[in-house]
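Here is a walk through one protein model for someone meeting it for the first time. Have a look at the sequence and the fold, then read on.

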Amino acid sequence: MLLHHRNNNNAVGATLILDQQLAASRVKKLEAYHWLHQTTPCMSFGFMAANDAICHAARGKECLHIIDLGMLHVLQWPSLIRALTAQADPPPPRLVRITCIFEDPQDLLELKSLMEEVAPTCSGIRLEFQLIKEPVTTSIFTREKLDDTNHNGPFFLGRFLESLHYYSAIFDSLEASLPRDSSTRIKIEKCHYAEEIRNIVAYEGSDRIEGHERADQWRRQFARADFQVVGLKCMSQARMMLSVYGSNGYTLASDKGCLLMGWKGRPIMFASAWEVNNFTSSSLMDESFY
């Protein structure tokens, strides 16, 4: 009985240590994500394009339901709520419901904080959050991010070369804002990009969850599923957003309804909106999977 009790204590101790390590890792990742959001336009570009398309899709609608698959942060939603509230003609939806799938209890605290922040600004809008606690796995969604590169190939050499060119542009853009010995940059590279690169290059099969694809590949997949592109109309807002970051290296282009952001001419991210073909009242935002 004593041995059994001791084993239980060891098991509990190991679990607590693992939980603490995971919590520390999550804090570091979130910190790196926030620094990346403040330092480069990569995150703001996606948020802005998605929110603009959502606002257009919601015009004249009574209700708006957004599903956030694998919620990692709440940075996007305050700006969306403010944009919806600012709509005058037609007025914004009376109900906005955001369903969040999450697996970390800390996400719940962030959502509560978000509700306290945006509630005073929701004049005329009833804001609801629906929480679904479920492990985020590839059975729920795949992390096919909106990066304009092909990291989904079956062969190591191809993925390695694509990653080399893509992340060279990413790190070059970081250097325009942060020197190489910057502690902030080290945190971003170590806690945000390192895991991505390792998963793309070194993992195979179901273990490889990073699946960046080019815009033309994304278009073909949606076309096969009978969706049609909804052209984004936020080029001027995107240019204004890029000017805030104070670097001349970022570029913008529009291609077949998609908005592409690049670094010195090399596309690194794209945004697009899609709706069911011949059914304009129902739309799908690919950025909502971000």
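This is a predicted model: local features need pLDDT of at least 70, side-chain atom pairs count only at pLDDT 80 or more; totals for chains, interfaces and linings use all residues.

Tyr166 and Tyr167 make an aromatic pair, with 4.9 Å from centre to centre and 80° between the planes, which is an edge-to-face arrangement.

Tyr167 belongs to helix H5 (residues 156-175) and Tyr193 to helix H6, so the pair ties together parts that are 26 residues apart in sequence. Is Tyr193 buried or exposed? At 5% relative accessibility, Tyr193 counts as buried.

Glu196 is found in helix H6 (residues 183-202), and it is buried, with a relative accessible area of 5%.

Glu196 also turns up in another pairing. Glu196 and Glu210 are 14 residues apart along the chain, and their C-alpha atoms are separated by 6.7 Å.

## More aromatic rings

How many aromatic pairs does the structure hold? There are nine. Elsewhere in the chain, one aromatic cluster is formed by Trp218, Phe222, Phe227, Phe270 and Trp274.

## The parallel sheet

Now for some strands. An open sheet is built from three of them, in the order E1-E2-E3, and the pairing is parallel. Strand E1 (63-68) and strand E3 (126-133) are at the edges with a single partner strand each, so one side of each has no neighbour in the sheet. From one strand to the next, the twist averages 15°.

Zooming in on one pairing, E1 and strand E2 (residues 95-102) are joined in the parallel sense over six bridges. Cys63 stands opposite Leu95 in E2. Helix H3 (residues 76-85) lies across E1, E2 and E3, and runs at about 170° to E1.

## Two lysines in loops

Lys256 is not a glycine, yet it has a positive phi of about 55°. You'll find Lys256 in the loop between strand E5 (250-255) and strand E6 (258-263). With a relative accessible area of 64%, Lys256 is exposed.

Lys264 also has a positive phi, of about 55°, although it is not a glycine. The loop between E6 and strand E7 (266-271) is where Lys264 lies. Lys264 is exposed, at a relative accessible area of 60%.

## The whole protein

Stepping back, the protein has eight helices and nine strands. Of its 290 residues, 42% are buried. The exposed surface comes to about 15600 Å², and carbon and sulfur atoms supply 57% of it.

What share of the contacts with a separation of 6 or more is made by residues 24 or more positions apart? In this protein, such residues account for 73% of those contacts.

Conventions. Residues are numbered from 1 along each chain as its sequence is written. Side-chain values use heavy atoms; hydrogens and water are left out. Two strands pair if DSSP finds at least two bridges between them. Helices (H or I, at least four residues) and strands (E, at least two) are DSSP runs, numbered from the N terminus. Axes are lines fitted to C-alpha atoms, for helices over the stretch in contact, and angles run from 0 to 180 degrees between N-to-C directions. Contact means heavy atoms within 4.5 Å. Buried means under 20% relative accessible area, exposed over 50%, partly exposed in between (1.4 Å probe, protein chains only). Accessible areas come from the Shrake-Rupley method with a 1.4 Å probe; for residues, only the protein chains shown count as cover. Rings of Phe, Tyr and Trp (its six-membered ring) pair if their centres lie within 6.5 Å; planes under 30 degrees apart count as stacked, over 60 as edge-to-face and the rest as tilted.
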